Amino acid sequence: GHPDKVADQISDAILDAHLKKDPEARVAVETLVTGNRVVLAGEISSKAKVDHDRVVRKVVRSIGYDRPEEEFSAKTLVVESLIRRQAREIADCVDQGGAGDQGIMIGYATNERLGLIPAPLALAHQLANELVYYRRNKIFPWLRPDGKCQVTMEYRGGRAVRVATIVVSCQHAAEVPLEEVRRQVGTRVVRAAIPRWLIDGNTKVLVNPGGSFIQGGPAADTGLTGRKLNVDTYGGAVPHGGGAFSGKDPTKVDRSGAYMARYIARSLVVAGLAREVLVQLCYAIGRAEPLSVSVFDLGSGGDPRPDLCKLVLEHFPLTPQGIIEHLQLRRPIYLETATYGHFGFHDYPWEKNHFGIKPPPGFTAKK
């Protein structure tokens, strides 16, 4: 329900609606939500006929903004569309198999948690999941859709050993006292999301630290597609290439390149070649092959140290078309990615592993 994530979900829902009818659709949709208005902008070239207004209202309703008395509501909001066709020169680049844009894409994986993502981010997503569970199942009927979570952890020897601080901001009904919100969320929701062994007497739990949070969503704060990049990727643990994902079809390497980089990183970690891996791919518009491929084990590799970059070039397709075909990206699978991150505990094609990679003879993993 956070305004930026509302915008992401609308953009990806429009993308899915076009891909469902036209797998070759070219979509680049940006969404702005503010007050009781949704503004759509961007470029679409598609054979599909899609009622964008209907898609917007369906998404907003599914999130929980369905009360007509609220300022932002699926029933009363105004949808404004400024969408145009994709520019011919960009389309020509993609038609020839080249990348639809230039940029740097980052992929990362770590074996510190089962989802192969940093522990603080995994726990923050779990907290957000629990808030939605308690709201939708009316365990806490006073919870409203907007909210955000943050987890700070202490590391020793490269491993997360305890939670230092938990911050939960959650929108709530006006009739519920702030202290009740803090007590219920700070105990039941936190206990359901965070393993007990990670919490000690010094762990700080801050629920709505700024005070009451009654007015929320786009009625209180403007949202825009692509403004939660660290939430979408790996938190603050690693660099970010800068390109947003939501609303973009897979010919945009901002999205497909980042997915392949993640697929590579987790495959190398699962193969036991390193405890954590960072992959960087660089593309130029109109060019099919990446300009550079960099693979880092961040000091967590074994001995003898394998040439990870060579392994990547041998085992993984890196052209935009090769990535799309290998990960089967021309499908309507993107709306779900706009919540709880694009990486981790999901059944996405880039969250699977390439099992053809073998460590070199005599290889010993670093403990």
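**View 1. Strands β5 and β6 pair in the antiparallel sense over 11 bridges.** Strand β6 covers residues 159-172. Strands here are DSSP runs of E, at least two residues long, and helices are runs of H or I, at least four long, all numbered from the N terminus. Two strands count as paired if DSSP finds at least two bridges between them. Tyr155 stands opposite Ala160 in β6. The model is predicted: local features need pLDDT of at least 70, side-chain atom pairs count only at pLDDT 80 or more, and totals for chains, interfaces and linings use all residues. Residues are numbered from 1 along each chain as its sequence is written, and side-chain values use heavy atoms, leaving out hydrogens and water.

**View 2. An open sheet of 3 strands runs in the order β5-β6-β7.** Its pairing is mixed. The edge strands are β5 (143-156) and β7 (204-207), and each pairs on one side only. Strands of a sheet pair through backbone hydrogen bonds, either parallel or antiparallel.

**View 3. Helix α9 (residues 320-327) has buried residues.** They are Pro320, Gly322, Ile323, Ile324 and Leu327. Buried means under 20% relative accessible area, exposed over 50%, and partly exposed in between (1.4 Å probe, protein chains only). What covers these residues includes α7 (253-270) and β9 (276-283). Gln328 follows α9, with a positive phi near 50 degrees.

**View 4. The structure holds 0 disulfides.** A disulfide is a pair of cysteine sulfur atoms within 2.5 Å. For Cys170, the nearest cysteine sulfur is that of Cys149, 8.1 Å away. Cys170 is buried, with a relative accessible area of 1%.

Notes. Contact = heavy atoms within 4.5 Å.
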